[in-house]
Amino acid sequence: MKLEPRDAAWVYLEQANTPSLSIAMYVFDTSTDPRGVMTPDEVRAFVAERVQAVDVFTRRLRRVPLDLDHPSWVADHEFDIDNHLEVVDARGGGWGEFRRIASEFVGGGLDLQRPPWEMRVVTRLTDIDGVADAAAVLLKFHHSVGDGAVTLEMTRRLFSAQVDRQPATGPQTPVGPRSVMQALPTVSRQLRAFVQGLRDVSAAGKEVKAAVDSGEVWVPPRMRPATRFNGSVGPARTFDAASFLLDDVRAIRAAAGDVTINDVALTLVAGALRDYLREVGEEPEESLGAKVPMSIRSLGHLESANQLTVLQIDLHTDIADPLERLRAIHTSAAAERDRKQRAEVLRSETLVDVTPGFVVRAINWIASRLPSSSSSVPYFNVVTTNVARGGVDLWLRDAQAVSTYGAAALTARQGLTHAIHSLGNTLTISVLTTPNMMNDPERYVALIHAQFDSLAAAVGASTSTA
């Protein structure tokens, strides 16, 4: 099965210090398992049985020499679960130990010669999310496998109460060429499609410009002031997270009026970012922006496993009042969602669907070597993703999932990301950064909590922390 262009792009754009990863973490209450703590052999048997039922876990990428055509998914006939699974005994460690293990896990890339995923199961954790005895599952996919909706579905099948023995299959496209000689005849076809794609995108761009000039569409600022988080990203990672009761977040949303839960979460992030930069003496006068991926799966016009567009949302970090900031973020986010669902805007972003892999690699190589401004950054300063993971119906044997975290991968000049996830009645804001940019993430998390309290007070919401 040949990869769709949007999926293959994640392979071409990957760089050494910024692997293209999708990362999910789940905490399970092992006190609900009458058999007690799982041994490494029991974990291995549990996972090995279930990955065989979901074909994504046992297939690998086969690339075409020189990327003259897109890679294909092929069965890995040498699949070995021990290349993908590690069991770690936390020996009674708590949140600090979980943070250490997670920071190490999210920093490493994946071997694309093997099925592109890894799992780390951490046993004998103590006092995590109010659970005295817990285990955690950290799961890492390469982004070519799919976006958050796809990897969530695979995870749910992996940790369902019953083993699903019907293998999942993706879109059935032909397997690509295996050699340069097989790929060469496709090059001219790819280049013709690319040239036509340039024309189509140019025409769509003119339609977008006309809509902007008429005032029908609002476009976010193209440049933002650079912060400490917009420099070179190193190999090390630092993870931390803030947790809230989802009912409390809903109470703030209801009290604030016409806003969304994601608006509330973005407001907390914006306030914490503002306060942190002020504390280190680097608060910019202009507002900062966030990159927020949005699914376009409901539009139904793509076959790829990654069906996303990128919102450029103004965080209004120049606004001190939390309620005023929330309302401004809601207005900006709604306008940006409307813009990104317009037909002409979607057409203006389709060049990725017709760009040959060797062209993507060349453009990426050139772009990575061009000088960049130290005072500004294009479009956004930080990344914020969000995936609702539903009810607490995930199981590690007889241990039920109680909370979830995530990690949005760092990219070039984007050294601070936030992953907003919910499971059951828990909402978490996971923070990922690098030690050279933020060596005290616990302070940043404390500022997120402080913003929550300030926002709740500003809207008059009754919460469990009030």
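Modeller: Tyr-405 lies in strand 14, which covers residues 399-408; strands (E, at least two residues) and helices (H or I, at least four) are DSSP runs, numbered from the N terminus. The model is a predicted one, in which local features need pLDDT of at least 70 and side-chain atom pairs count only at pLDDT 80 or more, while totals for chains, interfaces and linings use all residues. Residues are numbered from 1 along each chain as its sequence is written, and side-chain values use heavy atoms, with hydrogens and water left out.

The relative accessible area of Tyr-405 is 1%, so this residue is buried; the term means under 20% relative accessible area, with exposed meaning over 50% and partly exposed in between (1.4 Å probe, protein chains only). Ser-243 is 162 residues from Tyr-405 in sequence, yet their C-alpha atoms are 9.2 Å apart in space.

The loop that separates strand 13 (395-396) from strand 14 contains Arg-397. Although Arg-397 is not a glycine, its phi is positive, at about 60°. With a relative accessible area of 14%, Arg-397 is buried. Its C-alpha atom is separated by 9.8 Å from that of Thr-32, 365 residues away along the chain. Neighbours within four places in sequence aside, Arg-397 is in contact (heavy atoms within 4.5 Å) with Asp-33, Arg-35, Gly-36, Val-37, Met-38, Glu-42 and Phe-46.

Asp-127, in strand 5 (residues 117-128), is another non-glycine residue with a positive phi, here about 55°. Asp-127 counts as exposed at 54% relative accessibility, whereas Arg-397 is buried.

Thr-384 belongs to strand 12, residues 382-388. Its relative accessible area is 0%, and it is therefore buried. Beyond its neighbours within four places in sequence, Thr-384 has contacts with Leu-266, Val-269, Ala-290, Lys-291, Val-292, Pro-293, His-418 and Ile-420. Thr-384 and Asp-129 are 255 residues apart in sequence, and 22 Å lies between their C-alpha atoms.

Two serines in loops extend the picture. Ser-20 is placed between helix 1 (5-12) and strand 1 (21-29), and a relative accessible area of 8% makes it buried. Neighbours up to four places away again left aside, Ser-20 is in contact with Trp-10, Glu-14, Phe-141, His-142 and His-143. Ser-179 is in the loop between helix 4 (148-158) and helix 5 (180-213) and is partly exposed, its relative accessible area being 26%. Residues up to four places away in sequence not counted, Ser-179 touches Val-64 and Pro-65. The C-alpha atom of Ser-179 is separated by 9.0 Å from that of Leu-68, 111 residues away along the chain.

Helix 11 takes in residues 441-459. From first C-alpha to last, its 19 residues reach 27 Å, close to the 27 Å expected at 1.5 Å a residue; the expected span is 1.5 Å times one less than the number of residues. Buried residues in helix 11 include Tyr-444, Val-445, Leu-447, Ile-448, Gln-451, Phe-452 and Leu-455. An α-helix has 3.6 residues a turn, so residues three or four places apart point the same way. Helix 11 is followed by Gly-460, whose phi is positive, near 75°.

For the chain as a whole, the secondary structure comes to eleven helices and 16 strands. The radius of gyration is 22 Å, close to the 23 Å that the globule rule gives for 466 residues, so the chain is as compact as a globular protein of that length; this radius is taken over C-alpha atoms, and the rule is 2.2 Å times the number of residues to the power 0.38. The C-alpha trace spans about 65 × 60 × 40 Å along its principal axes. Of the 466 residues, 53% are buried. Among contacts between residues at least 6 apart in sequence, 79% join residues at least 24 apart.

The accessible surface of the chain is about 19,800 Å², and 52% of it belongs to carbon and sulfur atoms; such areas come from the Shrake-Rupley method with a 1.4 Å probe, and for residues only the protein chains shown count as cover. The mean positions of the 48 positive and 57 negative charges are 6 Å apart. Lys and Arg count as positive and Asp and Glu as negative, with His and the chain ends not counted; each charge is placed at NZ of Lys, CZ of Arg, CG of Asp or CD of Glu.
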